[in-house]
Amino acid sequence: MDMGTAMDMGREALWMVLIISAPMMVIGLIVGLLVALFQAVTQLQEQTLHFVPKIVAMAIGAAVFVPWITAELIEYSRNLFAPPF
C-alpha cells in the first residue's frame, strides 16, 4: 500500500465518523439551545434540567438512527475490504 492509498483510507474513515455522528451532534445542539433558552427566559438554573433532556433526546435519536448508521457502516466496510479491480 502506498502513501496515497493510506491517506485516502484515513480521509474516508474520518469522513465516515463525521457522517455517522452528525445526527446525534445536531440533536444535542438543538436540544441544548432550546433548554438554554428556556433557562434564560425563566431564570431557572437547575443543572439536571440542562443534562437530562439532552440525554433523553440523544437516546431517542440513537434509537431512530441506528438502522441508518448500521447500513452506512456496513457499506463502508464492504468498500474497505473489497478487492481492488
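Residues are classed by relative accessible area as buried under 20%, exposed over 50% and partly exposed in between (1.4 Å probe, protein chains only). By this scale Gln43 is exposed, with a relative accessible area of 69%. The model is predicted, so local features need pLDDT of at least 70 and side-chain atom pairs count only at pLDDT 80 or more, while totals for chains, interfaces and linings use all residues. Residues are numbered from 1 along each chain as its sequence is written, and side-chain values use heavy atoms, with hydrogens and water left out.

Gln43 is placed in the loop between H1 and H2; helices here are DSSP runs (H or I, at least four residues), as strands are (E, at least two), numbered from the N terminus. The phi of Gln43 is near 55 degrees, a positive value in a residue other than glycine. Most residues other than glycine have a negative phi. Leu44 is also found in the loop between H1 and H2 and is partly exposed, at 41% relative accessible area. Between the C-alpha atoms of Leu44 and Ser21 the distance is 31 Å, with 23 residues separating them in sequence. Glu46, in the loop between H1 and H2, counts as partly exposed at 43% relative accessibility. Its C-alpha lies 30 Å from that of Phe65, the two residues being 19 apart in sequence.

Helix H1 covers residues 3–42 and includes Val26, which is partly exposed at 45% relative accessibility. Val26 and Trp68 are 42 residues apart in sequence, and their C-alpha atoms are 16 Å apart in space.

The structure holds 1 salt bridge, defined as a side-chain nitrogen of Lys or Arg within 4 Å of a carboxyl oxygen of Asp or Glu. The pair is Asp8 and Arg11, whose closest N and O atoms are 2.9 Å apart. Both residues lie in helix H1, 3 residues apart, or about one turn of the helix. Asp8 is partly exposed, with a relative accessible area of 35%, whereas Arg11 is exposed at 52%. Side chains of opposite charge can pair when their charged atoms come close.

A nonpolar patch on the surface is formed by Met1, Met9, Leu80 and Phe81, which together have about 470 Å² of accessible area. Patches are made of residues with over 30% relative accessible area and no salt bridge, like charges being joined within 9 Å and nonpolar side chains (Val, Leu, Ile, Met, Phe, Trp, Tyr) within 5 Å. The areas come from the Shrake-Rupley method with a 1.4 Å probe, and for residues only the protein chains shown count as cover. Phe81 lies in helix H2 (residues 47–81) and is exposed, with a relative accessible area of 69%.

The largest pocket has a volume of about 180 Å³. A pocket is an open set of points on a 1 Å grid over the protein atoms alone, where a 1.4 Å probe fits, with protein on both sides within 12 Å along at least five of seven lines; lining residues have an atom within 4 Å of a point. The volume is the space filled by probe spheres set on the points, which are joined across faces, edges and corners. The lining consists of Thr5, Met9, Glu12, Tyr76, Asn79, Leu80, Ala82, Pro83 and Pro84. Helices H1 and H2 are the elements that give two or more residues to this lining. By class, the lining has 6 nonpolar, 2 polar and 1 charged residues, where Ala, Val, Leu, Ile, Met, Phe, Trp, Tyr, Cys and Pro count as nonpolar, Asp, Glu, Lys and Arg as charged, and the others, Gly among them, as polar.
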